[in-house]
Amino acid sequence: MMAVLILIASVATLCMFFVSYCRSLVASSSRHPLSAEVRDVTGIRTVAAAADYARVVQLLRLCPDRREDRTGLKAVGIYYSWLTAVRRMLAWMAPSLRSWTEHEQACCAYFAAVALDRRIAHNREMLAQQAGL
Amino acid sequence: MPGSIDLSIWFLGTAFELMFVVCSLARRSFLRYFFLNLYLLISTSVSIGRFLILWRYGGQGSNQYMYFYYYSDALLTLTLFGALISLYSRVFGELRTGEYVKWGAVFLLLGTAGFSYAVVAQSAQRLSTGFAYELSQNLYFVGLVLTYILWGAVLKLRETRTRLVQIILSLGLYFSGYAASYALMNLSWKFSIIRYLCPVLGCFLPLSWSITMLRNSEEARLAPAQLVAVPR
């Protein structure tokens, strides 16, 4: 009985810390403005939508990898999947949860779009360096 | 001897611990996060020491390994406690409450040691080993509670330093995960996959600290409102 109580309490706090940790990752890119090219290619104007995430991730896969954002993207990917699972399982209980998960997923999409923007800029810089040689 | 999966996780964890020290040296933050570095340096030395003892004296059931394991575990928990208190000092630094935090930590440590001694004193057998084990367990629980309180203080004081916030969040994730895996082990110890949870979590903490150190500069800031799940 005691182990069950500890398990429930620790899983609840684990979820709380996980959400806050992922939010702190996502928040780091929320102020970064998207370039016009990325806005065109992703279809994101000013605010991203939850559904944009899959499309942005597909675009990220087409772009050569950048080591710096690999772990952040993985963590946010896990967070996105976790939010999808929460929405599917619990949204029928609390309708407000649906809008909250959608908002969070939209932030994940924006984070991925910023990563795409940085990758494009990085690759362009590499190409310019190679051309200079 | 542990199996190949155990050994892989063990080596990976030790490598991540060293990685954090290297990252903080490279980012010129070694002294700023001295107690975190000290904890991970001691943890690396303990890992190497345990491996050497295991190699020399055979299985994990040997007396030498058991003694070394419990004493080193108590030492690690003490340094982790020190690291946690150093985070408290940083969060409360601007309120000039450093002295209170220091004395509070000393009282908490003495109280936990006294309680552990009182529990162990009732059984006279192997007093020192029992004390090391009990102190480690109790201090771990105190650390868990202190991390939750620290997170509450971070939100209340509207802490904006990205590095500090992410280091505390990683610690919170680590402690919560540890408590959950212990509870799971008590419930269903027969599933072998559960026994890998604790060592994997041991890898997670230095890895996430290293990523934080690499990704964010000391000047990086974030809006505190973005951290809470439900905006206030």
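Among the elements of chain B, helix α2 (residues 34–57) has the highest mean pLDDT, 93, while helix α5 (residues 127–156) has the lowest, 84. For the complex, the predictor gives an ipTM of 0.81 and a pTM of 0.86.

This is a predicted model, in which local features need pLDDT of at least 70 and side-chain atom pairs count only at pLDDT 80 or more, whereas totals for chains, interfaces and linings use all residues. Residues are numbered from 1 along each chain as its sequence is written, and chains are lettered from A and ligands numbered from 1 in the order in which they are written.

**The two chains**

Helices (H or I, at least four residues) and strands (E, at least two) are DSSP runs, numbered from the N terminus. By this definition chain A has five helices and zero strands, and chain B has seven helices and zero strands. The radius of gyration is taken over C-alpha atoms, and the globule rule with which it is compared is 2.2 Å times the number of residues to the power 0.38. For chain A the radius of gyration is 18 Å, well over the 14 Å that the rule gives for 133 residues, so chain A is more spread out than a compact globule. For chain B the radius of gyration is 19 Å, close to the 17 Å that the rule gives for 232 residues, so chain B is as compact as a globular protein of that length.

| Chain | Box of the C-alpha atoms |
|---|---|
| Chain A | roughly 70 × 30 × 25 Å |
| Chain B | roughly 50 × 40 × 35 Å |

A residue is buried if 20 or more other C-beta atoms, placed from the backbone, lie within 10 Å of its own, exposed if 12 or fewer do, and partly exposed in between. Buried residues make up 32% of the 133 residues in chain A and 33% of the 232 residues in chain B. One residue that is partly exposed is B:Y67, with 15 other C-beta atoms within 10 Å; B:Y67 lies in helix α3 (residues 63–92) of chain B.

**Where the chains meet**

Two residues are in contact if their C-beta atoms, placed from the backbone, lie within 7 Å. The contact between the chains takes 23 residues from chain B and 19 residues from chain A. On the side of chain B that touches chain A, helix α6 of chain B gives the most, with 15 residues. By class, this side of chain B has 14 nonpolar, eight polar and one charged residues, where Ala, Val, Leu, Ile, Met, Phe, Trp, Tyr, Cys and Pro count as nonpolar, Asp, Glu, Lys and Arg as charged, and the others, Gly among them, as polar.

**The largest nonpolar core**

In soluble globular proteins, nonpolar side chains tend to be buried together. A nonpolar core is a set of buried Ala, Val, Leu, Ile, Met, Phe, Trp, Tyr and Cys residues joined through C-beta atoms within 7 Å. The largest such core here has 69 residues, of which A:V76, A:C108, A:F111, A:A112, A:A113 and B:I168 touch the most other members. Helix α6 (residues 162–187) of chain B gives the largest share of this core, twelve residues. Leaving aside its neighbours within four places in sequence, A:F111 is in contact with A:V26, A:S29 and A:V76.

How values were computed
pLDDT is the predictor's confidence in each residue, from 0 to 100.
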